[in-house]
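Trainee: Please take a close look at the charged side chains for me. I'd like to hear how they pair, and where they sit.

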Amino acid sequence: MKRIAKFEKVSLDEYLKSGSAECYNEIILPKRATSGSAGYDFFAPYSFTLKPNQTEKVATGIRVKIDEGWVLKIYPRSSLGFKYRLRLDNTVGIIDSDYFFADNEGHIFIKITNCGDKELFVEKGKAFAQGVFVEYGITIDDECEIKRVGGLGSTDKQ
């Protein structure tokens, strides 16, 4: 298997903009559940409950350094999507390789909504989302040389 990325925690200063020091100390870096898993589980840094149609924006405290030519796609854990109709608000989270260098340190936020009809409790330290690394290509005539500056939603402001 080709190794193309490395998960890290954002700095405490960055995390405190959206989370607590207690949660920061408990952050678990994403990992695969089995050697055959494609997805890296993201673990809840704190407990939360989602009632039907309720949304939670989770500040994961995680950033990832990814080789150029690769992207991290984030999805809800399959079991939660199946049992609770848990959805990412942006359908699929896309973490580009240059996001690591953004002014928010590449802090990954995962915004989820319980689209089902029963309450979902996510315990601190339990997996709630998963990320899959995917290789991608660009067109032959691509000439983009713009460098990322901002964080989430910043590329359409350049």
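**Charged pairs and their surroundings**

Mentor: Let's begin with Glu14, which is buried at a relative accessible area of 8% (buried means under 20%, exposed over 50% and partly exposed in between, with a 1.4 Å probe and protein chains only). Before we go on, keep in mind that this is a predicted model, where local features need pLDDT of at least 70 and side-chain atom pairs count only at pLDDT 80 or more, while totals for chains, interfaces and linings use all residues. Residues are numbered from 1 along each chain as its sequence is written, and side-chain values use heavy atoms, with hydrogens and water left out.

Back to Glu14: its partner is Lys17, and the two form a salt bridge with the closest N and O atoms 3.0 Å apart (the criterion is a side-chain nitrogen of Lys or Arg within 4 Å of a carboxyl oxygen of Asp or Glu). Lys17 itself is exposed, at 63% relative accessibility, whereas Glu14 counts as buried. As a rule, side chains of opposite charge can pair when their charged atoms come close.

The structure holds three salt bridges. Another one joins Arg63 to Glu8, with 3.5 Å between the closest N and O atoms. Arg63 belongs to strand S5 (residues 62-66) and Glu8 to strand S1 (residues 5-9), so this pair ties together parts 55 residues apart in sequence (helices, H or I of at least four residues, and strands, E of at least two, are DSSP runs numbered from the N terminus). Arg63 is buried at 14%, while Glu8 is partly exposed at 25%.

Glu8 also turns up beside Gly61, which touches Glu8, Lys9, Val10, Tyr15, Ile27, His107 and Ile108, leaving aside residues up to four places away in sequence (contact means heavy atoms within 4.5 Å). Gly61 sits in the loop between strand S4 (55-59) and S5, and at 0% relative accessibility it's buried.

Arg77 lies in the loop between strand S6 (70-76) and helix H3 (78-84) and Asp41 in strand S2, so the pair ties together parts that are 36 residues apart in sequence. Arg77 is partly exposed at 30%, but Asp41 is buried at 10%. Strand S2 covers residues 40-43. Asp41 touches Arg77 as well as Pro30, Lys31, Ala33, Ala127, Ala129 and Gln130, again not counting residues up to four places away.

Arg85 has a positive phi of about 55° though it isn't a glycine, and its place is the loop between H3 and strand S7 (86-88). It is partly exposed, at 43%. Glu105 also has a positive phi, about 65°, without being a glycine. You'll find Glu105 in the loop between strand S8 (93-96) and strand S9 (109-114), partly exposed at 22%.

Last, a negative surface patch is formed by Asp141, Asp142, Glu143 and Glu145 (patch residues have over 30% relative accessible area and no salt bridge, with like charges joined within 9 Å and nonpolar side chains (Val, Leu, Ile, Met, Phe, Trp, Tyr) within 5 Å). Glu145 comes in the segment after strand S11 (127-135), and at 71% relative accessibility it's exposed.

Methods
Accessible areas come from the Shrake-Rupley method with a 1.4 Å probe; for residues, only the protein chains shown count as cover. Lys and Arg count as positive and Asp and Glu as negative; His and the chain ends are not counted. The place of a charge is taken as NZ of Lys, CZ of Arg, CG of Asp or CD of Glu.
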